Amino acid sequence: MITELPHATGVAQVPLAPGVYAYLGEHGMPNAVTVEGRDGVVVIDSLFTPRHAAHMIEALRATTDKPVVALVNTHFHGDHVFGNSAVPTDRIIAHRSAHERLLTGGDAYRELLCGVRPDLAPEIGDLEFVLPTELIDDRLTLDLGDVRLDIRHSGRHAHTTGDLVVELPSHGIFVASDLVFNGILPVARDGDLDGWIAVLAEQRDGFTGDVVVPGHGVVGGRELFDRQIDVLRGVIEKVTAVLSEGGSRDEARAAALTAAGALLHADERIDAYVNLIWTKETNL
Ligand SMILES: [Zn+2]
């Protein structure tokens, strides 16, 4: 059963397995996941604002009264961590690099998000960051008694330098966060496209379950890995083809959109791809 979160939050609570829920944002907004085990609840990402996170916790409370024992921040992007203050736990786990980026670039990212979502600017404009309290370099296992969460760094620079994924082996569920977008062009500004493709292929090959939760868009199956790889590869191929023919950036942009234009937010996000590929190929 899909339940709309209270107060018209624009997020739907979707059950994935007993005690496991995805919270899916509408119109390309970020997703989160809650996992209940015998010993408590782990929350994976805190949505865009403390208000969104509070509504998620209210919906969670309708399913369990167990304490939240940990919050995982999958990466530093504000739309996944600005709700931290409304998740009732002091144990906030992130990759060391994500923590660093929040400290050094959090304000700049917040300003950028205020521009992208002016309607949310009053809520995040003077937000006090609640920073991660437990930093990991590689991997961490959380054992809730009857459910195990394997938290892993992706191993490379991909969507960002500090992407964490969470696998629930007993449920066959993979929380990919922003390494995978479903039906939406990912934000690539902080990414490395080749590293990203390599990470996606490794994750696809290492995961034996059936459920993949993207960072944005609806839940899907294993095919989401290959679909994301195809999008990234398609854009790279189009842009490098224009470059090798001596074309302009505008031509590269238009070509890139022929590969990705059907995806939500493609038009406003494609320039970051062109810039990344152009810089890498020409060192300009
Ligand atoms: Zn992101």
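Two strands are taken to pair if DSSP finds at least two bridges between them. On that basis, the predicted model described here contains an open sheet of five strands, arranged in the order E9-E10-E11-E12-E13 and with mixed pairing. Strand E9, which covers residues 139-143, and strand E13, which covers residues 211-216, stand at the edges of this sheet, and because each has a single partner strand, one side of each is left without a neighbour in the sheet. From one strand to the next, the twist averages 25 degrees. Strands of a sheet pair through backbone hydrogen bonds, and the pairing may be either parallel or antiparallel. In the case of E9 and strand E10 (residues 148-153), the two run antiparallel and are joined by five bridges, and within this part of the sheet Leu 140 stands opposite Ile 151 in E10.

Helix H5, formed by residues 193-206, touches strand E11 (164-168) and strand E12 (173-181), and its direction makes about 165 degrees with that of E12. Helix H6, formed by residues 223-244, touches E12 and E13, and the direction of H6 makes about 15 degrees with that of E12.

A further open sheet is formed by eight strands in the order E1-E2-E3-E4-E5-E6-E7-E8, and here too the pairing is mixed. Its edge strands are strand E1 (3-4) and E8, each of which pairs on one side only. Strand E3, at residues 20-25, and strand E4, at residues 32-37, run antiparallel and are joined by four bridges; the bridge partner of Val 20 in E4 is Val 35. Helix H3 packs on this sheet, where it touches strand E7 (92-95) and E8, and the direction of H3 makes about 95 degrees with that of E7.

A search of the whole structure for salt bridges finds 18. In one of these, the side chains of Asp 137 and Arg 96 meet, with a distance of 2.8 Å from N to O. Asp 137 lies in the loop between strand E8 (134-136) and E9, whereas Arg 96 lies in helix H3, so the pair ties together parts that are 41 residues apart in sequence.

The largest pocket has a volume of about 440 Å³ and is lined by 23 residues, of which Leu 113, Val 116, Val 187, His 265 and Arg 269 lie nearest its centre. The elements that give two or more residues to this lining are helix H3 (96-116), E12 and helix H8 (266-282). By class, the residues lining the largest pocket divide into 11 nonpolar, five polar and seven charged.

The second largest pocket holds about 200 Å³ of space, and of the 14 residues that line it, Arg 152, His 153, Ser 154, Val 165 and Gln 203 are the closest to its centre. At least two residues of this lining are supplied by each of E10, E11 and H5, with H5 giving the most, namely four residues. The lining of the second largest pocket divides into four nonpolar, five polar and five charged residues.

The structure holds two cavities of 30 Å³ or more. The largest cavity has a volume of about 70 Å³, and the residues that line it include Pro 50, Phe 82, Leu 102, Glu 128 and Leu 131. The lining of the largest cavity divides into eight nonpolar, three polar and one charged.

For the second largest cavity, the volume is about 50 Å³, and among the residues that line it are Asn 31, Ile 44, Asp 45, His 80, Val 175 and Pro 214. The elements that give two or more residues to the lining of the second largest cavity are E4, E12 and E13, and E13 gives the most, with three residues. By class, this lining has six nonpolar, five polar and one charged residues.

Terms used
Residues are numbered from 1 along each chain as its sequence is written. This is a predicted model: local features need pLDDT of at least 70, side-chain atom pairs count only at pLDDT 80 or more; totals for chains, interfaces and linings use all residues. Side-chain values use heavy atoms; hydrogens and water are left out. Axes are lines fitted to C-alpha atoms, for helices over the stretch in contact, and angles run from 0 to 180 degrees between N-to-C directions. Contact means heavy atoms within 4.5 Å. On a 1 Å grid over the protein atoms alone, a cavity is a set of points where a 1.4 Å probe fits but cannot get out, and a pocket is an open set with protein on both sides within 12 Å along at least five of seven lines; lining residues have an atom within 4 Å of a point. Grid points are joined across faces, edges and corners, and a volume is the space filled by probe spheres set on the points. Ala, Val, Leu, Ile, Met, Phe, Trp, Tyr, Cys and Pro count as nonpolar, Asp, Glu, Lys and Arg as charged, and the others, Gly among them, as polar. A salt bridge is a side-chain nitrogen of Lys or Arg within 4 Å of a carboxyl oxygen of Asp or Glu.
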